[in-house]
Amino acid sequence: MEMVFLGTGSAWCIPEHTCDCAICRSMTQAGEERTRTSILFRGSESILVDCGPDIRAQMVRNHVTRPDVILITHEHADHSSGLDDLLAFRRSVPREVWQPIPVYATDAAWTSIENRFGYLVGSLIEKRLAVPGKGIQLSTCRVTPFKTFHGPSAPGSVGYVLEFQHRGDIFKVSYTSDFVSLIDEPPCVMKPDVLIIQAHWFNEPLENRPFHMSFQNAVHYIRQWRPKNAAYLVHISDGDHVPGDPANSYLKKLAPKDPLAHPIGTPYPVPCCRDQWQAVVDKVCGDHEIPGRVFVPWDNMLVPLFTDA
Ligand SMILES: [Zn+2]
Ligand SMILES: [Zn+2]
C-alpha cells in the first residue's frame, strides 16, 4: 500500500495565475506547483480521497486506473468538481464489464454534488452515504467518517479514518482535509500511524473567515493525536502575509493574529517555497518539542505505507 499525493494545494492552486506575491514568485522561480488537494491510497484496493478540477492531469501524471472507491470530504468545488472527468474510465471498457464507482459523501454534501452531477449517478458513480461515526467496511479497509467544521458553506464536511488490515494488524490513517475545528473529537482519530492535516496558512490569521486550518493551529492536533509514523501537511495556500511584501494588501492575504515564534525569540520566517516550508516546520517542531516527524509533501509524491500481503 502506498499513498500518492495527487495534489497538495488550496482551492485555486498555487502559484496563483497572475499573482506576483512573494509566495507565488518564489514558487515560480523554484518551478513548483501545488494543484488542488487530493490523495490516492493504492494497494490491493485503491481509494481516492477527493476529486477536484485537476483530477484528470493528476491521474495522467500518476498513472491512476479506475479507483475502487471514492471518499469526498465535502461539497466545495476544489474537492468534488472533477467527478465528470472520471467518465474516461467508463468510456474505455466494454459495456458489459462496467460497474459504477461507489462514491461516499455525507447527505449534506450529496445535496450539493447531486445538483451539479446528478446525471452521473447510477451510470458512472454510485451514491453511497457517509455517516459520521458509522464505519464503512471495504474489502481491506474500514473507513470511519468524522464530522469536521468548515463553515456554513460546507455543512457536509467530514474527515475520514482509514484502518487498513495488514498482516493481522491495523495501519491507521487519519485524514482531515478542510476544517477549522471539530464538533467532537472521536477517539478513532487518535494515534494514527499517519496523520494528513490541512495547513492552509503558516500563521493563524487575525480573522479566519474562510474556516481553514493553519499550521499554527494544526500543531495542537499533531500534539494531541500523536501520529506514530508521521504527519503530512496539505492544502497549502498563498494567503500568509510575508513581512515587507507589497502584495500583503491583496484581498486573499490575511495578517497573522499572533505569529508562530520561537519560545523565547522572534517570529519564524513565513515559508514561501517547498524547501522553506520543510525547513521552518522542522525548526518549529524541534523548538516546540512536537513529537514525530512532520512532512510538507509535494504534488505527485509517493509514500510507501506497508507491503500488501
Ligand atoms: Zn479545499
Ligand atoms: Zn473547502
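Helix α7 (residues 274-287) lies across β12 and β13 and runs at about 160° to β13. Helices and strands here are DSSP runs, numbered from the N terminus; a helix (H or I) has at least four residues and a strand (E) at least two. Axes are lines fitted to C-alpha atoms, for helices over the stretch in contact, and angles run from 0 to 180 degrees between N-to-C directions. Contact means heavy atoms within 4.5 Å.

This is a predicted model, in which local features need pLDDT of at least 70 and side-chain atom pairs count only at pLDDT 80 or more, while totals for chains, interfaces and linings use all residues. Residues are numbered from 1 along each chain as its sequence is written, chains are lettered from A and ligands numbered from 1 in the order in which they are written, and side-chain values use heavy atoms, with hydrogens and water left out.

**The sheet**

The sheet is open and has seven strands. Their order is β7-β8-β9-β10-β11-β12-β13, and the pairing is mixed. Its edge strands, each pairing on one side only, are β7 (136-137) and β13 (293-295). Two strands pair if DSSP finds at least two bridges between them. Strands of a sheet pair through backbone hydrogen bonds, either parallel or antiparallel.

Strand β12 (residues 230-234) pairs with β13 in the parallel sense, over three bridges. Within this pairing, Ala230 stands opposite Arg293 in β13. Helix α6 (residues 215-225) also packs on the sheet. Helix α6 touches β11, β12 and β13, and its direction makes about 160° with that of β11.

**The two zinc ions**

Two zinc ions are 3.3 Å apart, and Asp178 coordinates both. Donors are N, O and S atoms within 2.8 Å of the metal (3.2 Å for Na, K and Ca); water is not among the atoms, so sites may look incomplete. The table sets out the protein donors.

| Ion | Protein donors | Distance |
|---|---|---|
| zinc ion (ligand 1) | Asp78 (OD), His79 (NE2), Asp178 (OD), His235 (NE2) | 2.1 Å |
| zinc ion (ligand 2) | His74 (NE2), His76 (ND1), His150 (NE2), Asp178 (OD) | 2.2 to 2.3 Å |

Take the zinc ion (ligand 1) to begin with. The spacing of its donors along the chain is D-H-x98-D-x56-H. The pair Asp78 and Asp178 links distant parts of the chain, 100 residues apart. Asp78 sits in helix α3 (residues 77-80), and Asp178 in the loop between β10 (169-175) and β11 (194-198). Asp78 is buried, at 6% relative accessibility. Asp178 is buried too, at 2%. Buried means under 20% relative accessible area, exposed over 50%, and partly exposed in between (1.4 Å probe, protein chains only).

What geometry do the four donor atoms of the zinc ion (ligand 1) give? The site is irregular, with angles of 89 to 164°. The site of the zinc ion (ligand 2) is irregular as well, with angles of 90 to 173°. Four donors count as tetrahedral if all angles lie between 85 and 135 degrees; four count as square planar and six as octahedral if opposite donors are over 155 degrees apart and all others between 65 and 115; anything else is irregular.

**Cysteines**

How many disulfides does a search of the whole structure find? It finds zero. A disulfide is a pair of cysteine sulfur atoms within 2.5 Å. The closest cysteine sulfur to that of Cys21 is in Cys19, 3.6 Å away, so it is too far for a bond. Cys21 is buried, at 0% relative accessible area. Cys51 is in no disulfide either; the nearest cysteine sulfur, that of Cys13, is 14 Å away. Cys51 is also buried, at 0%.

**Backbone points to look at**

Most residues other than glycine have a negative phi, and most peptide bonds are trans. Asp50 has a positive phi, near 70°. Asp50 lies in the loop between β3 (46-49) and α2 (55-61) and is buried, at 0% relative accessibility. Lys191 has a positive phi of about 45°. Lys191 is in the loop between β10 and β11 and is exposed, at 54%.

A cis peptide bond joins Ile14 and Pro15, with omega about -5°. Pro15 lies in the loop between β1 (2-7) and α1 (22-30).
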